[in-house]
Amino acid sequence: MRAAYLVEPDADRPAEAIRVGDLDPAPAPDGWVEVDVRAGALNMHDIWTLRGANKGTGTRPHVIGSDAAGVAGDRDVIVYPVVPRKPDGRIVEHAVLLPDAGHGVLAERIAVPPGHLVAKPGHLSWSEAAALPTAWLTAYRMLFTKARLEPGHVVLVQGAGGGVATAAIGLAAAAGATVVVTSRSPGKRERALALGATAAIGSGERVPQLADVVVETVGPATFEHSTRSTRAGGTIVVCGGTSGFAAQLDLARLFAREISVHGSTMGTLAEFEALVAFVAAHRIRPAVDSTADLADVRAQAARMLAGEAFGKLCVSLS
Ligand SMILES: NC(=O)c1ccc[n+]([C@@H]2O[C@H](COP(=O)([O-])OP(=O)(O)OC[C@H]3O[C@@H](n4cnc5c(N)ncnc54)[C@H](OP(=O)(O)O)[C@@H]3O)[C@@H](O)[C@H]2O)c1
């Protein structure tokens, strides 16, 4: 079975830590369902794993990846990436991604817990389907569960090219929001407008309208701008920090304008099912930067690290 895996982390050159080769499939726990993976996608989470920052189970070789779509029996499916499921759905506390539980998905054949498979919408390619699990689920929860997005809201999305950011643009635009994006790159700003954003500005530039909702994935490089750009009573939702994790916060602005800041991470199975249904109903095509054969997964990881990508970096296993 071909797989992308880690043997020895490399903190300085994480992409170089990926190996691609034949592995024996790990024995599947009783009752788990086998999936022939057609495509997968990379996330910053994989980069942290390759750096050695995510300890996971510590077993080696460790198959990487939390995003996959493929065939289970006679069904085309997308894999829900989070274990364990929290039945109450309010908090995903202590939930981990499949690879951190020892079940990474960038392999030709994987096994997943029953109930972790959602039907692939017919309009999506395998790569588009594989884009959904981690980044799109995270964006869905940020917008709809945490920020309670409504039609007519103004949404500011920082760092337009990222997986979560491109997902937030597509979802918020389809939900009837006005979407403003920031990016350092003129090319990415153009592409964000094509995805449904109504305005695209340079990173740190004055927004045309204060935002009801800010989608924050960049961290210290944009956080001060996020608080400056939120209307009184608005909401900032944070799921990560590509530029670091120690941001400055003007507390006076926060309390005087009664701005709420929410943390958000991944999402529940119910949210994943709702996301896939929403994508199907609105015939949304997730932004895929590029798809490479699994053999070239290192180059895809390097592209993510260089900040060059617009949308998801996918790999094909067909
Ligand atoms: N909590 C969760 O469940 C969860 C799930 C998924 C991702 N995440 C986290 O969310 C973050 C985003 O991940 P991602 O994969 O969507 O995107 P990403 O590839 O990490 O990039 C996000 C964007 O950050 C912007 N950026 C990077 N450095 C910057 C800087 N110095 N100044 C301004 N902008 C900068 C870039 O935008 P421009 O080039 O357009 O300016 C880039 O497109 C990561 O920290 C990831 O770990 C968390």
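Which residues in helix 1 meet helix 9, and which residues in helix 9 do they meet? On the helix 1 side we have Met44, Ile47 and Arg51, and they meet Ala301, Met304 and Leu305 in helix 9. Please keep in mind that this is a predicted model.

Sorted by class, that contact has five nonpolar residues, one charged residue and no polar ones. Now the geometry. Helix 1 covers residues 44-51 and helix 9 covers residues 297-305, and their axes come within 10 Å. The crossing angle is roughly 105°, and helices 1 and 9 are therefore roughly perpendicular to each other.

If you like that pair, here is another one. Helix 3, residues 132-146, and helix 8, residues 269-281, have axes that come within 9 Å and cross at roughly 95°. So helix 3 and helix 8 are also described as roughly perpendicular to each other. By class, the contact between helix 3 and helix 8 has twelve nonpolar, one polar and two charged residues.

Strand 1, residues 2-6, pairs with strand 4 in the antiparallel sense over two bridges. In one of the bridges, Leu6 has His62 in strand 4 as its partner.

Last topic: cysteines. How many disulfides does the model have? The count comes to zero. Take Cys239, which is in no disulfide: the nearest cysteine sulfur belongs to Cys314 and is 18 Å away. Seen from the other end, the closest cysteine sulfur to that of Cys314 is the one in Cys239, and 18 Å is too far for a bond; the cut-off for a disulfide here is 2.5 Å.

Are these two cysteines buried or exposed? Cys239 is partly exposed, at a relative accessible area of 25%. Cys314, on the other hand, is buried, with a relative accessible area of 0%.

Definitions and conventions. Residues numbered from 1 in each chain as written. Predicted model: local features only at pLDDT ≥ 70, side-chain atom pairs only at ≥ 80, totals over all residues. Heavy atoms only, no water. Axes fitted to C-alpha atoms, helices over the stretch in contact; angles between N-to-C directions. Helix = DSSP H or I, 4+ residues; strand = E, 2+ residues; numbered from the N terminus. Parallel < 35°, antiparallel > 145°, perpendicular 65-115°, else oblique. Contact = heavy atoms within 4.5 Å. Nonpolar A, V, L, I, M, F, W, Y, C, P; charged D, E, K, R; others polar. Pairing = 2+ DSSP bridges. Buried < 20%, exposed > 50% of the residue type's maximum accessible area, 1.4 Å probe, protein only.
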